[in-house]
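This report describes one protein chain for a reader who is new to structures. Please look at the sequence and the model before reading on.

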Amino acid sequence: MVEIVTQPANTHHLIATARGGRQPDVVIRRPGEDDQNYVCSTWMRNAELSPKTVNAVIDHASVRCLVASPTRESRRIVGWIVWSDLGKAKVLHYVYVRGGRGEKHRGQGIGRALVGAADLDLSK
């Protein structure tokens, strides 16, 4: 089941399903203060971008981010999505799901769930 949690913690909680495919067991939430370092470092490493470029995108007013964690209590991130909401259009910047070194998160629908939680339509 995909659980999408809005912040702060005392606001409503919404249970949602991933678009198509399997439903991963993750909680999708807004990133905490400590999460931006992980998002930036994995984005820089995987896309071969400079820290200046990634931070400029992340810090822009139109940019949104969601992270996926195994449980509500966990601060461990198994995936994340960054996109811009420009009103009439949304721009997907990057989706990341942990893989490698024994990680078995890819292929479980986490990326699809993040795209769905961001309300992005990738069919166009």
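## Basis of the report

The model is predicted; local features need pLDDT of at least 70, side-chain atom pairs count only at pLDDT 80 or more, and totals for chains, interfaces and linings use all residues. Residues are numbered from 1 along each chain as its sequence is written, and side-chain values use heavy atoms, with hydrogens and water left out.

## The chain as a whole

The chain holds 3 helices and 6 strands. Helices (H or I, at least four residues) and strands (E, at least two) are DSSP runs, numbered from the N terminus. Their order along the sequence is β-β-β-α-α-β-β-β-α.

Of the 124 residues in the chain, 37% are buried. Buried means under 20% relative accessible area, exposed means over 50%, and partly exposed is in between, with a 1.4 Å probe and protein chains only. A contact means heavy atoms within 4.5 Å. Among contacts in the chain with a separation of 6 or more, 52% are between residues 24 or more positions apart.

## Helix 1 and helix 2

Two packed helices are described by the angle between their axes and the distance between the axes. Helix 1 covers residues 35-47 and helix 2 covers residues 51-58; they pack at an angle of about 130 degrees, with axes 10 Å apart. That angle makes helix 1 oblique to helix 2. Axes are lines fitted to C-alpha atoms, for helices over the stretch in contact, and angles run from 0 to 180 degrees between N-to-C directions. Angles under 35 degrees count as roughly parallel, over 145 as roughly antiparallel, 65 to 115 as roughly perpendicular, and the rest as oblique.

On the helix 1 side, the contact uses Gln36, Val39, Cys40, Trp43 and Met44; on the helix 2 side, it uses Pro51, Val54, Asn55, Val57 and Ile58. By class, this contact has 8 nonpolar, 2 polar and no charged residues. Here Ala, Val, Leu, Ile, Met, Phe, Trp, Tyr, Cys and Pro count as nonpolar, Asp, Glu, Lys and Arg as charged, and the others, Gly among them, as polar.

Glu48 is found in the loop between helix 1 and helix 2. Its phi is near 55 degrees, a positive value in a residue other than glycine. Glu48 is exposed, because its relative accessible area is 73%.

## Two residues of strand 4

Ser69 lies in strand 4, which spans residues 63-69. With a relative accessible area of 0%, Ser69 is buried. Its side chain makes a polar contact of 3.2 Å with the side chain of Arg29. A polar contact is a pair of N or O atoms within 3.5 Å; within protein, one must be able to donate a hydrogen and the other to accept it, and residues adjacent in sequence count only if both atoms are side-chain atoms. A polar atom of the Ser69 side chain also lies 2.9 Å from the backbone oxygen of Arg76.

Cys65 is in strand 4 too, and Cys65 is buried at 18% relative accessible area. Leaving out residues up to four places away in sequence, Cys65 touches Arg30, Pro31, Val39, Ile81, Val82 and Trp83.

## Around helix 3

Gly107 sits in the loop between strand 6 (90-97) and helix 3 (110-117). Gly107 counts as exposed, at 52% relative accessibility. Within helix 3, Ile110, Gly111, Ala113, Leu114 and Val115 are buried. In the segment after helix 3 lies Asp119, which has a positive phi of about 60 degrees although it is not a glycine.
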